[in-house]
Amino acid sequence: MRIDIITLFPEMCEAVLSESIIGRARKSGAVEIVCHQLRDFAFDKHRRVDDAPYGGGMGMLMMAEPIALCFENICETLGKRPHFVYMSPKGRTLTQEIVKEVSANYENICILCGHYEGVDQRLLDMYIDEEISIGDYVLTGGELPAVVFADALCRMLPGVLSSDECFELESHYSSLLEYPQYTRPEVWREERVPDVLLSGHHANIEKWRREQAIKETYKRRPDMLKTAVLEKKEQEFLKTLAEDSGEEA
C-alpha cells in the first residue's frame, strides 16, 4: 500500500510515521508513505494556500486550486487515482471496521489534512471520496487525525506486524475488547497473576481469555456485542453475566 498525505506540516507527520513499527515497515518496503508540502503547489510568491471565506466570518479557508494541483500530481505519479480521504469532524467516525474496509479495498490512499476553518466546498465535492473523523471534537489541524488513520491502516498490512494475530486478538477487531494481560513478577504488591495463566493448559487459557474479553466488552462497551460472533457456550456465558447484573443480554 502507498499512502500520500497532503499537509502544511509534513515534518509533523514524518516525525511520528518514521518511528517504531511504522518506521520499520517503511524501511522494509511493507508500506510506502509520502508526505507532500501543500505550499509547493501554491501559485504566488508568498506560497499562500488560504483566503478569506465569501460571506464573511472568522478565520481563513484553504483554497481549492493548490489541493487539486497536489492531488493531480500524485495521480500522475501513481498512474492512477488513489482513494482520497479528507480528515474532517463532519466525517464518519473512524472504527476498526472502517480501517479493515479501507485497507482491504484500496491499494493507494491519499489523505488531506485540513486547517484554518476548513476547505473550499467545491474541492470536497469534486475530489474527495469520503470524509473521516477520529472523534466528536475539533483539533487545530488534520495532521494528528491523518497520522492516526495512517497508523491504523498500516498495522493491517502484511509484513508490518509479526503476524496477523497481533491485530486479530486486539480490541475492536472482532467486536470485542481485549482480555486483561499480565507479565512478571508473578506477585506484584500482593496481587497475583490469575492461576489459569500459569497452568500451561492452552485450551483453558484460551477459554479464560475469550470469556474475559466478553466480560470486558459487556462492562465497558455493551453496544459492541451486537455485532460480535459468539459460540453457543459464549452466549450462555454472556447470559450469565447479564443475569448476575440483573439485566438482559
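Biologist: Is Glu-216 buried or exposed?

Modeller: Glu-216 is buried, because its relative accessibility is 13% (buried is under 20% relative accessible area, exposed over 50%, partly exposed in between, with a 1.4 Å probe and protein chains only). This is a predicted model, in which local features need pLDDT of at least 70 and side-chain atom pairs pLDDT 80 or more, while totals for chains, interfaces and linings use all residues. Residues are numbered from 1 along each chain as its sequence is written, and side-chain values use heavy atoms, with hydrogens and water left out.

Biologist: Where is Glu-216 placed, and what does it contact beyond its neighbours within four places in sequence?

Modeller: Glu-216 is in helix 8, residues 202-220 (helices, H or I of at least four residues, and strands, E of at least two, are DSSP runs numbered from the N terminus). Beyond those sequence neighbours, Glu-216 is in contact with Leu-177, Glu-178, Pro-180 and Arg-221 (contact means heavy atoms within 4.5 Å). The side chains of Glu-216 and Arg-220 are also joined by a polar contact of 2.8 Å (N or O atoms within 3.5 Å, one able to donate a hydrogen and the other to accept it within protein; residues adjacent in sequence count only if both atoms are side-chain atoms).

Biologist: How many aromatic pairs does a search of the whole structure find?

Modeller: A pair of aromatic rings is described by the distance of the centres and the angle of the planes. The search of the whole structure finds two such pairs (rings of Phe, Tyr and Trp, the latter by its six-membered ring, with centres within 6.5 Å; planes under 30 degrees apart are stacked, over 60 edge-to-face, the rest tilted). Phe-71 and Phe-84 are stacked, because their ring centres are 4.1 Å apart and their planes are at 5°. This pair links distant parts of the chain, with Phe-71 in helix 3 (residues 64-78) and Phe-84 in strand 5 (residues 83-93), 13 residues apart. Phe-71 is buried at 1% relative accessible area, and Phe-84 is buried at 0%.

Biologist: Which residue forms an edge-to-face pair with Phe-71?

Modeller: Tyr-127 does, at 5.9 Å centre to centre and 90° between the planes. Tyr-127 is in helix 5 (residues 121-127), 56 residues from Phe-71. Tyr-127 counts as buried, because its relative accessible area is 17%. Phe-71, Phe-84 and Tyr-127 form one aromatic cluster.

Biologist: How many residues apart in sequence are Ile-3 and Ile-33?

Modeller: Ile-3 and Ile-33 are 30 residues apart in sequence, yet their C-alpha atoms are 4.7 Å apart in space. Ile-3 is in strand 1 (residues 2-7) and is buried at 0% relative accessible area. Not counting residues up to four places away in sequence, Ile-3 touches several residues, among them Val-34, Ile-109, Ile-111 and Leu-153.

Biologist: Which residues does a cis peptide bond join, and where does Arg-47 lie?

Modeller: Most residues other than glycine have a negative phi, and most peptide bonds are trans. Here a cis peptide bond, with omega about 5°, joins Arg-184 and Pro-185. Pro-185 lies in the loop between helix 7 (165-168) and strand 8 (187-188). Arg-47 has a positive phi of about 55° although it is not a glycine. Arg-47 lies in the loop between strand 2 (32-37) and strand 3 (50-51), and is partly exposed at 37% relative accessibility.

Biologist: What is the phi of Glu-190?

Modeller: Phi of Glu-190 is near 70°, a positive value in a residue other than glycine. Glu-190 lies in the loop between strand 8 and strand 9 (191-192), and counts as exposed at 75% relative accessibility.
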